[in-house]
Amino acid sequence: MKISKTNAEHYLWGGTCDGWHLVKQPELSVIHERMPPGTEEVRHYHGQARQFFFVLSGWAELEVDGTVHRLHPQEGCEVAPLVPHQMKNTSGNPVEFLVISHPQTRGDRFEA
């Protein structure tokens with residue numbers, strides 16, 4: 001089945017941020033996310049999941065274990081299990097990106 005934001009399962013997080021489940025399987029999660037300007041997720045880590053963040057439009061800062069990576073369109077960054085990280089949109093425009101997780105992160109998220 002063809003999947004996109006228009007037909008994927010949608011959810012809100014952080015009050016104003018959007019997520020669309022493109023793949024939602026125990027062994028693999030692919031989420032398309034949108035963060036308005038000035039938003040950020042809670043700094044956290046995963047016990048099992050390895051993640052890859054890939055920016056589609058706009059730019060964001062991904063802090064990984066104390067190092068800040070500014071990600072522009074068509075750039076990404078991998079985050080290993082047990083490594084604290086936090087995605088932030090410090091720009092003046094929305095940012096859209098993919099978060100790919102193996103395995104999925106349900107029940108595997110811990111505040112850092």
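# Briefing: bridges, a pocket and a core

At 43% relative accessibility, T16 counts as partly exposed, because that value falls between the 20% and 50% cut-offs. The model it belongs to is predicted.

**Around T16**

- T16 sits in the loop that links β1 (9-13) to β2 (17-25).
- Leaving out residues up to four places away in sequence, T16 touches P36 and T39.
- T16 and H69 are 53 residues apart along the chain. Their C-alpha atoms are separated by 23 Å.

**Salt bridges**

- How many salt bridges does a search of the whole structure find? The count is seven. Three of them follow, among them a pair that joins E41 to R109.
- The side chains of E41 and R109 meet at 3.9 Å, N to O. E41 lies in the loop between β3 (28-35) and β4 (44-46), and R109 lies in strand β11 (residues 109-111), so this pair ties together parts that are 68 residues apart in sequence.
- R109 is partly exposed, at 43%.
- E63 forms a salt bridge with R43, and their closest N and O atoms are 2.7 Å apart. E63 belongs to strand β6 (residues 60-64) and R43 to the loop between β3 and β4, so the pair ties together parts that are 20 residues apart in sequence.
- E63 is buried, with a relative accessible area of 11%. R43 counts as partly exposed, at 29%.
- E61 and R70 also meet in a salt bridge through their side chains, at 3.6 Å, N to O. E61 counts as buried, at 18% relative accessibility, because the cut-off for buried is under 20%. R70 is partly exposed, at 45%.

- Most residues other than glycine have a negative phi, and most peptide bonds are trans. The next points go against that pattern.
- The peptide bond that joins H102 and P103 is cis, with omega at about -15 degrees. P103 is found in the loop between β10 (95-102) and β11.
- Q74 is not a glycine, yet its phi is positive, near 70 degrees. Where is Q74? Its place is the loop between β7 (67-71) and β8 (76-79). Q74 counts as exposed, at 55% relative accessibility.
- L82 has a positive phi of about 70 degrees, and it is not a glycine either. L82 lies in the loop between β8 and β9 (85-88). L82 is exposed, with a relative accessible area of 57%.

**The largest pocket**

- Rolling a probe the size of a water molecule over the atoms shows where empty space is left.
- The largest pocket holds about 470 Å³ of space.
- Its lining has 25 residues. Which of them lie nearest the centre? They are Y11, I31, E33, T105 and R109. R109 also takes part in the salt bridge with E41.
- At least two lining residues come from each of β1, β2, β3, β4, β5 (50-57) and β10.
- The lining is made up of nine nonpolar, ten polar and six charged residues.

**The largest nonpolar core**

- In soluble globular proteins, nonpolar side chains tend to be buried together.
- Here, the largest nonpolar core has 16 residues. M35, F53, L62, M87 and F97 have the most contacts inside this core.
- β5, β6, β8 and β10 are the elements that give two or more residues to this core.
- What does M87 touch, leaving aside neighbours within four places in sequence? M87 is in contact with M35, E40, E41, F53, A60, E61, L62 and F97.
- E41 and E61, two of those contacts, also form salt bridges, E41 with R109 and E61 with R70.

**Around G76**

- G76 lies in strand β8. G76 counts as partly exposed, at 34% relative accessibility.
- Beyond its neighbours within four places in sequence, G76 is in contact with F52, F53, F54 and L71.
- G76 and L62 are 14 residues apart in sequence. In space they are 9.4 Å apart, C-alpha to C-alpha.

How values were computed
Residues numbered from 1 in each chain as written. Predicted model: local features only at pLDDT ≥ 70, side-chain atom pairs only at ≥ 80, totals over all residues. Heavy atoms only, no water. Helix = DSSP H or I, 4+ residues; strand = E, 2+ residues; numbered from the N terminus. Buried < 20%, exposed > 50% of the residue type's maximum accessible area, 1.4 Å probe, protein only. Contact = heavy atoms within 4.5 Å. Salt bridge = Lys/Arg side-chain N within 4 Å of Asp/Glu carboxyl O. 1 Å grid on protein atoms, 1.4 Å probe; cavity = no way out; pocket = protein on both sides within 12 Å on 5 of 7 lines; lining within 4 Å. Points joined across faces, edges and corners; volume = space filled by probe spheres on them. Nonpolar A, V, L, I, M, F, W, Y, C, P; charged D, E, K, R; others polar. Core = buried A, V, L, I, M, F, W, Y, C linked by side-chain atoms within 4.5 Å.
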